[in-house]
Amino acid sequence: MSKEIYPFLEYILEPDKDKRYKHAKDCGFYDPHDNFLIGDSGGFLLNIKPGKFVNTYLLHEPADFFRKEGVFTPYRVDSIPHRQFRKREAYKRKYGFSAPCWQNPDGSIEDVWITGGHYNFLNYTRMEMVDESTVIMTNGKATARKYKDFPNFVDAQYWTWQVMKFAENNGFHLIIDKTRRGGFSYIMASDSANEINLSKHKVVIHVAYDNKYLIKKGGLSDFSIDTLRFYEEKTPFKRGIFSPTKEEFKLGYRLSTGVEASDDWDSSLFSVSAFQNPDCAIGKDAVKIKVEELSTMDNFDAFMTVTEPTMTVGSRITGCLMCWGTATATNMDTFEKNFYAPKNFGFMPFENVWDKDARNEICGFFKPYCWGLEGELEDGRKGYDKDGNSDLEVGLQIAFKEREAKRKDAKTFSDYINYLGQRAIYPAESFNSTSENIFSSDGLNDWENKLRVDSSYKFYIDGQLSMTNGVVSFKSNERIRRENPDIKTYDWIQGVPRKNNEDPHGCTRVWFPPEPEEVMTNGGNTIKTIPPGTYVAIYDPVGLEKDKKELTDRHSLNAMFVYEMPRELNGYKMKLCAARVGRLDKLEDDDYEFYKLCVWYNCIGTALVEINRGETVSNFRRWKATKYLAHEPLYVWDASVGEKVGSAYGYSISTQKKVDGLRLLKELLYTVIGKDEFGNDICVYHRVYDYQTILELKKFNSTGNFDRVSAHILLGIYCKSLDVNAQKKLQNRQKVVDEDDFMNRPWF
């Protein structure tokens, strides 16, 4: 990864972006400062121009004055200069502020506009900051102390604030995948405090699956309330506070009689838990709703279904919902599905400039760990300079050094992959590195990363199989399009799970086509053929037909794979040869695709099909092709049955068999089959070249759809049956030899 250009950096360095892409302001969107473009995917792009921020001290002069004097203004409270200062600052906090803080490549300076929320954040919000005077570098590590202070200007935060304002102005909601050490909770907490302090009769709602993420020390609402109290104690923006609890924090005053002043400020911050209560945010007419720790909220879809309509009146959007999360050791499927399908609930769609080879896709907003990263290298280069300009290359180097240190020191592999998820550089890394399962390992993690970024492993060909008079042929998509542009071709499904913008049809991907051998016939002639048993085909079919238009990323796909089995010609190392994952209009159509694979690779007696669903066996009977179907080796589950196999075709996988099958698959994948040039083990999983399958293995849990893993369970069972059979034959041979041994002959 470090040797390849980082996709986000590649986008930032892309020349002539403002000429290459449409400008949002020219496409009907409100963007007076021309901060957003629209990419070829239809998603928004940050209009990051050549140049750099300069003189950014001009953006936080009130905070600097407070640091020095202990007050924001020297004027007497309620004097005319004091009131003028208060009005000017309130205006900036609401509408933003401009200063000559941008330097173009030619040296010219122009104004930079920051949002009102950002201005408030820089000047009236305090957070835990690193005391740079205490930084000590030892053995490649930096130590420092923290103190409470106003935040620095950082370009990554500048763009986060710009995204928030653009979404609010243009009727979008926001879904954000963030990483640690970005000040994100402070940003969102400051924005909430600013909103209810500036405007009368407004409601902001904070939501989390567990209230502890909101009201406990260090929670989102706790941060907001800390800022609201700072307004009352240290700033000219006093509104009064009467609030019985943090859950219902209200600004305003009570009369001497104890009654709330009816014409007072009356703006509130509510903190609610969504645990078993997806309706928690409705009925309060909020201008902003913020969902913290989305990665823990598995009922988020139900929450959005009832909440999103309450933020509209007719065709007009009256409120903005922002939700975000960081990788946690939980099931992140709901978060991931919504992040990669932002339009489902009206989230602002971005062109995916963060994941590798994903520019044709859209996603939510991602704040990578290496962007705006505090820290420095041993040579003194920092993650960002005094004016807040990030050096992404330095940020990447800092991130890699931290990873190596964590890799060595982590107590468990689960700790390490959770660390990666919380400090992700790609969104995919955030969602793929969240928890440990039966297949997890450092080696599998490395293999997934290598398949993702190393182009030398992308030697596959995508295309379609056809069969004429029992003969199967394969044509690449490229050739099909060249020969007949009217024939539609389909792409390989990249998403795990499938993204809603991907056609579920899928295609056939071939790494190694069938390789016939020269075989001597009974007549003494030599012919080229594929001996039965050379290849094994596995297939996990879906159970019910469904209109393709109604398919979502929650529905299963048909998963089929072909493996070459260990033999002398391949050095006794099995390998993945071909695969097809997708869903056609009819179950029979998918079965026919599997049939073509079986014929092409001559999988006579080695086509492994799960029969708990679908009609594969009956279809093969109709095609007079049952010779390809294998019987379940019952002796794998019960040694007392000898070499008995199931009487029916196919594998019947019960819940218990699936559990045992997962264990057998793990044993197979981690079987060591050699050493690499550095002396490291080569395992069977290193011969699985399908990135999506490896990704499924990493993400596997007991609740989601993992069609590729389900298909491979059959392979684990089959390979175990070969081991059991071989052991029995070996034992029988040893027994015969022992009986004939000279010392063991029955002399008497």
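Modeller: Leaving aside its neighbours within four places in sequence, N570 is in contact with E564, M565 and R687. The model is a predicted one, and N570 is found in the loop between β28 (558-564) and β29 (575-582).

Biologist: Why is N570 called buried?

Modeller: The relative accessible area of N570 is 12%, and buried means under 20%, so N570 is counted as buried.

Biologist: What makes H712 buried, and which residues is H712 in contact with?

Modeller: H712 has a relative accessibility of 3%, and because the cut-off for buried is under 20%, H712 counts as buried. H712 lies in helix α21 (residues 707-740), and, with neighbours within four places in sequence left aside, H712 is in contact with I538, F561, Y563, L665 and T693.

Biologist: Why is D16 called partly exposed, while N469 is called exposed?

Modeller: D16 has a relative accessible area of 47%, and since exposed means over 50% and buried means under 20%, with partly exposed in between, D16 is partly exposed. N469, at 78% relative accessibility, is over the 50% cut-off, and therefore N469 counts as exposed. D16 lies in the loop between α1 (7-13) and α2 (17-20), whereas N469 is in the loop between β22 (461-468) and β23 (471-476). D16 has a positive phi of about 55° although it is not a glycine, and phi of N469, a residue other than glycine, is near 55° as well.

Biologist: How do you know that the buried residues of α4 line one face of the helix?

Modeller: The buried residues of α4 are H82, F85, E89, K92 and R93. Seen down the axis of α4, these buried residues fall within an arc of 100°, so they line one face of the helix. In general, an α-helix has 3.6 residues a turn, so residues three or four places apart point the same way.

Biologist: What lies against the buried residues of α4, and which exposed residues are on the face turned away?

Modeller: The buried residues of α4 pack against α3 (61-69), β5 (97-103), α5 (116-124), α7 (184-198) and α9 (220-234), while the face turned away from the buried side carries the exposed residues I80, K87 and Y91.

Biologist: How many disulfides does the structure hold?

Modeller: The structure holds 0 disulfides, where a disulfide would need a pair of cysteine sulfur atoms within 2.5 Å.

Key:
Residues numbered from 1 in each chain as written. Predicted model: local features only at pLDDT ≥ 70, side-chain atom pairs only at ≥ 80, totals over all residues. Heavy atoms only, no water. Buried < 20%, exposed > 50% of the residue type's maximum accessible area, 1.4 Å probe, protein only. Helix = DSSP H or I, 4+ residues; strand = E, 2+ residues; numbered from the N terminus. Arc of directions from axis to C-beta. Contact = heavy atoms within 4.5 Å.
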